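This report goes through a metal site, the nonpolar cores and the pockets of one protein. Please keep the structure in view while reading.

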Amino acid sequence: MTLTTRLGRRALLSGLGGLALAAPVAFRPRPALAALRGQPLALPALDEGRTEAGRRVFDLKVAPGGREFLAGVETATIGVNAGFLGPILSARAGDRLRMNVANRIGEPMTLHWHGLHLPAAADGGPHQEIAPDAVWSPEFDLLQKAGTFWFHGHQHGKTAPHVWAGMAGVIRIGDDEEAALPLPRNHGEDDFTLILQDRRFDADGQMPYTMTMHDRMAGMQGDVMLVNGQVEPVLETDAPLVRLRVLNGANGSFYGLQFSDDRTFYQIASDGGLLAAPVPMRGAILSPGERAEFLVDLSDGAAVMLRAESFGSEVMMMGTTGTHDMMELRPRGARPASAPPARLADLPPPAAETGPGRDFTLAMTGPGMMGDFTINGSGYDHGRIDFSVPLGVTETWSWTNTTPMLHPIHIHDVQFRILTRNGQPPAPQEAGLKDTVLIRPDETVTLRLSFADYADPVLPYMYHCHILEHEDAGMMGQFTVV
Ligand code: C2O
Ligand code: CU
Ligand code: CU
């Protein structure tokens with residue numbers, strides 16, 4: 001944790017370790033810490049990789065960086081080929097990928113491809129540690145549908161501080177089915193990737209990862225809302241119909257998205273790809289780790305604010321932290337827009353069960369609210385495989401939340417389908433491909449998962465709460481596919 005604090009970074013850069021802390025601090029006037037608001041929206045760079053021996057190769061350097069979030073202050077961060085966060089890795093379904101991940105952060109880390117179906121050895125979870133100054137180069141086939149995925153640090157016990165510092169980015173995948181639909185897909189013109197986060201800054205404009213007791217229980221939440229690392233940016237566009245690919249990349253915040261004029265928008269994709277048909281809505285909730293794609297009609301030419309009501313896992317007890325302006329959408333005039341397509345992806349019903357059901361209970365143990373988070377009575381143990389699944393099986397997993405908090409549960413390796421939420425079929429926006437699902441207090445959610453293609457007798461996949469503080473505190477388990 002210390003290496004991602006400001007003092008830790010200073011020590012790291014000076015090469016003096018702890019000695020740097022004792023060095024005299026030069027006087028400098030305290031800057032005015034106003035957020036740098038209202039800048040034109042800057043999208044992460046679109047990186048299509050390079051082609052090498054039939055593979056699409058991405059070179060990713062993870063290193064300390066800096067970013068001006070607050071006017072006139074450089075905040076120490078971690079970036080991936082950038083000062084803060086990373087590029088959008090753009091690829092096609094069926095590609096063979098090679099990722100060259102260089103760890104330049106001076107401490108062990110991993111990089112995980114969230115939502116991708118891959119061999120466990122390529123997953124980038126806690127078992128694929130990259131030593132300082134080493135390069136990790138997994139290779140795998142992209143067996144996915146078109147959609148918006150992401151990558152982030154997953155070092156056990158350090159996922160939260162690494163992501164907080166900026167170790168995350170988006171993976172954008174296209175395929176023939178998506179390409180045949182009349183959807184906006186021109187990056188930066190009518191198709192905008194938005195990474196939503198929030199951060200807390202100290203008096204020096206830095207964002208050290210320092211948790212209070214409350215943060216430890218509830219997850220870290222900040223009061224400064226960020227879109228791609230910008231505060232309230234402005235998206236100016238000529239397009240009358242825009243596609244927003246939204247990632248909730250926060251540590252511990254849930255976002256209830258809505259527009260300032262309460263306009264209807266359409267969800268077209270969930271975590272793992274396109275829905276069967278656009279779902280009209282006026283509000284959408286995204287849990288940490290979830291992605292959604294939306295179409296927004298701007299044909300009236302009116303500027304509108306994208307807002308987020310943000311809340312933490314303890315919302316039932318504490319309420320929300322309020323509604324925040326995230327980004328203004330400013331069309332450059334009124335123009336007719338085509339309606340969203342009536343149908344999107346071919347989405348077959350969930351596969352039939354061929355194996356046993358499994359039950360998972362989320363609980364807090366210990367006195368009052370100060371205990372540990374557990375799944376089926378245990379916290380994470382790096383040396384314990386919780387269960388094994390035979391390759392080729394389709395199972396039903398039933399998750400029950402006995403805690404008073406929200407937990408977004410994420411499962412590696414698969415895109416699953418939600419069968420029921422408290423016995424009821426899922427809402428249409430939850431009926432597509434998912435890898436992360438919100439489980440509220442007292443809810444039971446059943447999932448259908450198929451384990452195909454990849455087996456490994458030793459290396460596991462993770463399942464965990466995607467509130468990163470809960471994950472780091474051990475609300476995680478691991479399974480192998482054999
Ligand atoms: Cu988003 Cu286990 O990860
Ligand atoms: Cu994941
Ligand atoms: Cu949780």
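## Copper site

A residue counts as buried when its relative accessible area is under 20%. The model described here is predicted. His 112 has a relative accessible area of 1%, so His 112 is buried. His 410 also counts as buried, because its relative accessibility is 0%.

Which protein atoms are the donors of the copper ion (ligand 2)? They are NE2 of His 112 and NE2 of His 410, lying 1.9 Å from the ion. His 112 belongs to strand E7 (residues 112-114) and His 410 to strand E27 (residues 407-411), so the pair ties together parts that are 298 residues apart in sequence.

## Nonpolar cores

In soluble globular proteins, nonpolar side chains tend to be buried together. In this model the largest nonpolar core has 37 residues. Those with the most contacts inside this core are Trp 397, Trp 399, Ile 411, Leu 447, Phe 451 and Phe 479.

Leaving out residues up to four places away in sequence, Trp 399 touches Phe 360, Leu 362, Ile 375, Ile 409, Ile 411, Ile 439, Glu 443, Thr 444, Val 445, Leu 447 and Tyr 463. Another core, of 31 residues, lies apart from the largest one; Leu 196, Met 225, Met 326 and Leu 329 are among its residues.

## Largest pocket

The volume of the largest pocket is about 460 Å³. It is lined by 21 residues, and the closest to its centre are His 117, Val 414, Gln 415, Leu 433 and Ser 450.

Which strand gives the most to the lining of the largest pocket? Strand E30 (residues 444-450) does, with three residues. Sorted by class, this lining has 10 nonpolar, five polar and six charged residues.

## Second largest pocket

The second largest pocket has a volume of about 270 Å³. Its lining is made up of 18 residues, and Gln 267, Ile 285, Glu 290, Gln 429 and Glu 430 are the closest to the centre.

Strand E17 (265-270), strand E19 (284-286) and strand E20 (291-297) are the elements that give two or more residues to this lining. The largest share, three residues, comes from E19. By class, the lining of the second largest pocket has seven nonpolar, five polar and six charged residues.

Notes:
Residues numbered from 1 in each chain as written. Chains lettered and ligands numbered in written order. Predicted model: local features only at pLDDT ≥ 70, side-chain atom pairs only at ≥ 80, totals over all residues. Heavy atoms only, no water. 1 Å grid on protein atoms, 1.4 Å probe; cavity = no way out; pocket = protein on both sides within 12 Å on 5 of 7 lines; lining within 4 Å. Points joined across faces, edges and corners; volume = space filled by probe spheres on them. Helix = DSSP H or I, 4+ residues; strand = E, 2+ residues; numbered from the N terminus. Nonpolar A, V, L, I, M, F, W, Y, C, P; charged D, E, K, R; others polar. Core = buried A, V, L, I, M, F, W, Y, C linked by side-chain atoms within 4.5 Å. Buried < 20%, exposed > 50% of the residue type's maximum accessible area, 1.4 Å probe, protein only. Contact = heavy atoms within 4.5 Å. Donors = N, O, S within 2.8 Å, 3.2 Å for Na, K, Ca; no water.
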